[in-house]
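Subject: Handover of a structure for your study

Dear colleague,

Please find below the structure that I am handing over to you.

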Amino acid sequence: QVQLVESGGGLVQPGGSLRLSCAASGSISSLYSMGWYRQAPGKQRELVATIYRRDSTSYADSVKGRFTISRDSAKNTISLQMNSLKPEDTAVYLCNARPNIFIQADFGSWGQGTQVTVSS
(Lines give C-alpha, C1' and ligand atoms only; values in the text may rest on other atoms or scores of the structure.)
Protein backbone atom coordinates (compact mmCIF):
# COMPACT_ATOMS: atom_id res chain seq x y z
CA GLN A 1 0.00 0.00 0.00
CA VAL A 2 1.09 3.56 -0.63
CA GLN A 3 2.05 5.81 2.24
CA LEU A 4 0.19 9.13 2.34
CA VAL A 5 1.26 12.45 3.87
CA GLU A 6 -1.09 15.43 4.08
CA SER A 7 -0.09 19.08 4.33
CA GLY A 8 -1.59 22.53 4.05
CA GLY A 9 -3.90 22.72 7.03
CA GLY A 10 -4.08 25.70 9.33
CA LEU A 11 -6.19 28.46 10.81
CA VAL A 12 -8.28 30.56 8.46
CA GLN A 13 -11.06 33.10 8.88
CA PRO A 14 -14.60 32.37 7.66
CA GLY A 15 -14.82 33.04 3.95
CA GLY A 16 -11.15 32.30 3.45
CA SER A 17 -9.39 29.61 1.44
CA LEU A 18 -6.93 26.79 2.03
CA ARG A 19 -5.33 24.23 -0.22
CA LEU A 20 -4.57 20.78 1.14
CA SER A 21 -2.14 18.39 -0.49
CA CYS A 22 -1.63 14.65 -0.13
CA ALA A 23 1.63 13.15 -1.31
CA ALA A 24 1.81 9.43 -2.03
CA SER A 25 4.93 7.30 -1.72
CA GLY A 26 4.27 5.59 -5.03
CA SER A 27 2.40 5.90 -8.27
CA ILE A 28 -1.24 6.91 -7.96
CA SER A 29 -2.11 6.37 -11.62
CA SER A 30 -3.43 2.85 -11.13
CA LEU A 31 -5.36 3.50 -7.92
CA TYR A 32 -9.11 3.07 -8.13
CA SER A 33 -9.73 6.28 -6.21
CA MET A 34 -8.31 8.78 -3.78
CA GLY A 35 -10.34 10.89 -1.45
CA TRP A 36 -10.48 13.40 1.33
CA TYR A 37 -12.33 12.67 4.54
CA ARG A 38 -12.79 14.84 7.58
CA GLN A 39 -13.53 14.21 11.21
CA ALA A 40 -14.66 16.83 13.66
CA PRO A 41 -14.64 16.28 17.44
CA GLY A 42 -17.60 14.19 18.51
CA LYS A 43 -18.70 13.53 14.93
CA GLN A 44 -18.40 10.61 12.57
CA ARG A 45 -15.84 10.67 9.81
CA GLU A 46 -17.31 12.21 6.66
CA LEU A 47 -16.37 11.68 3.03
CA VAL A 48 -15.71 15.11 1.54
CA ALA A 49 -14.49 14.51 -2.00
CA THR A 50 -13.30 11.67 -4.24
CA ILE A 51 -11.36 11.53 -7.47
CA TYR A 52 -11.41 8.36 -9.53
CA ARG A 53 -8.89 6.77 -11.86
CA ARG A 54 -10.38 8.44 -14.93
CA ASP A 55 -10.55 11.82 -13.11
CA SER A 56 -14.27 11.84 -12.44
CA THR A 57 -15.07 13.44 -9.10
CA SER A 58 -17.76 13.45 -6.45
CA TYR A 59 -18.44 15.72 -3.49
CA ALA A 60 -20.44 15.81 -0.31
CA ASP A 61 -23.44 18.12 -0.63
CA SER A 62 -22.06 20.29 2.16
CA VAL A 63 -18.98 21.26 0.09
CA LYS A 64 -20.29 21.28 -3.49
CA GLY A 65 -19.40 24.51 -5.25
CA ARG A 66 -16.81 25.42 -2.61
CA PHE A 67 -14.26 22.58 -2.68
CA THR A 68 -12.39 21.16 -5.66
CA ILE A 69 -10.40 17.93 -5.69
CA SER A 70 -7.65 17.44 -8.25
CA ARG A 71 -4.87 15.02 -9.05
CA ASP A 72 -1.32 15.39 -10.40
CA SER A 73 -0.26 11.89 -11.40
CA ALA A 74 3.21 13.07 -12.43
CA LYS A 75 3.85 14.22 -8.85
CA ASN A 76 1.78 11.46 -7.20
CA THR A 77 -0.26 14.02 -5.32
CA ILE A 78 -3.87 15.03 -4.91
CA SER A 79 -5.11 18.38 -3.68
CA LEU A 80 -8.22 19.83 -2.16
CA GLN A 81 -8.87 23.50 -2.88
CA MET A 82 -11.24 24.82 -0.24
CA ASN A 83 -12.93 28.18 -0.78
CA SER A 84 -15.58 30.09 1.14
CA LEU A 85 -14.69 28.21 4.27
CA LYS A 86 -17.19 28.04 7.12
CA PRO A 87 -16.71 27.32 10.81
CA GLU A 88 -18.46 23.97 10.28
CA ASP A 89 -15.62 22.95 7.96
CA THR A 90 -13.35 22.76 11.00
CA ALA A 91 -12.00 19.22 11.28
CA VAL A 92 -9.01 16.98 10.80
CA TYR A 93 -8.78 16.25 7.08
CA LEU A 94 -7.47 12.85 6.05
CA CYS A 95 -6.33 11.52 2.70
CA ASN A 96 -7.33 8.04 1.62
CA ALA A 97 -6.38 5.75 -1.25
CA ARG A 98 -8.29 2.71 -2.52
CA PRO A 99 -6.17 0.42 -4.68
CA ASN A 100 -9.14 -1.19 -6.36
CA ILE A 101 -12.93 -1.29 -6.26
CA PHE A 102 -12.95 -4.39 -4.07
CA ILE A 103 -11.07 -2.67 -1.23
CA GLN A 104 -13.31 -0.43 0.85
CA ALA A 105 -11.88 2.87 1.99
CA ASP A 106 -11.52 1.72 5.59
CA PHE A 107 -9.05 -0.94 4.42
CA GLY A 108 -7.14 1.35 2.08
CA SER A 109 -4.24 3.66 2.85
CA TRP A 110 -4.64 6.62 5.21
CA GLY A 111 -2.56 9.65 5.98
CA GLN A 112 -2.05 11.03 9.46
CA GLY A 113 -4.39 13.97 8.89
CA THR A 114 -4.04 17.74 8.85
CA GLN A 115 -6.01 20.13 11.04
CA VAL A 116 -8.20 22.79 9.45
CA THR A 117 -9.67 25.40 11.77
CA VAL A 118 -12.08 28.04 10.50
CA SER A 119 -12.54 30.77 13.08
CA SER A 120 -12.51 34.52 13.44
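The notes below set out what was found.

This is a predicted model, in which local features need pLDDT of at least 70, side-chain atom pairs count only at pLDDT 80 or more, and totals for chains, interfaces and linings use all residues. Residues are numbered from 1 along each chain as its sequence is written, and side-chain values use heavy atoms, with hydrogens and water left out.

Overall form

The chain has zero helices and 11 strands; here helices (H or I, at least four residues) and strands (E, at least two) are DSSP runs, numbered from the N terminus. For 120 residues, a compact globule would have a radius of gyration near 14 Å, and the 13 Å of the chain agrees with this. That radius is taken over C-alpha atoms, and the globule rule is 2.2 Å times the number of residues to the power 0.38. The C-alpha trace spans about 40 × 30 × 25 Å along its principal axes.

Of the 120 residues, 42% count as buried, where buried means under 20% relative accessible area, exposed over 50%, and partly exposed in between (1.4 Å probe, protein chains only). Contact means heavy atoms within 4.5 Å. Among contacts between residues at least 6 apart in sequence, 55% join residues at least 24 apart.

The disulfide

A disulfide is a covalent bond between the sulfur atoms of two cysteines. For this analysis, the term denotes a pair of cysteine sulfur atoms within 2.5 Å. The structure holds one disulfide, which joins C22 to C95 with an S to S distance of 2.1 Å. This pair links distant parts of the chain: C22 lies in strand β3 (residues 18-24) and C95 in strand β9 (residues 91-98), 73 residues apart. The torsion about the S-S bond of C22 and C95 is about -85 degrees, so the disulfide is left-handed. Both cysteines, C22 and C95, are buried.

Where in the chain is L31 placed? L31 is found in the loop between β3 and β4 (33-39). With a relative accessible area of 9%, L31 is buried. Leaving aside residues up to four places away in sequence, L31 touches R53, A97, R98 and P99. L31 and P99 are 68 residues apart in sequence, while their C-alpha atoms are 4.5 Å apart in space.

Yours sincerely,
A colleague
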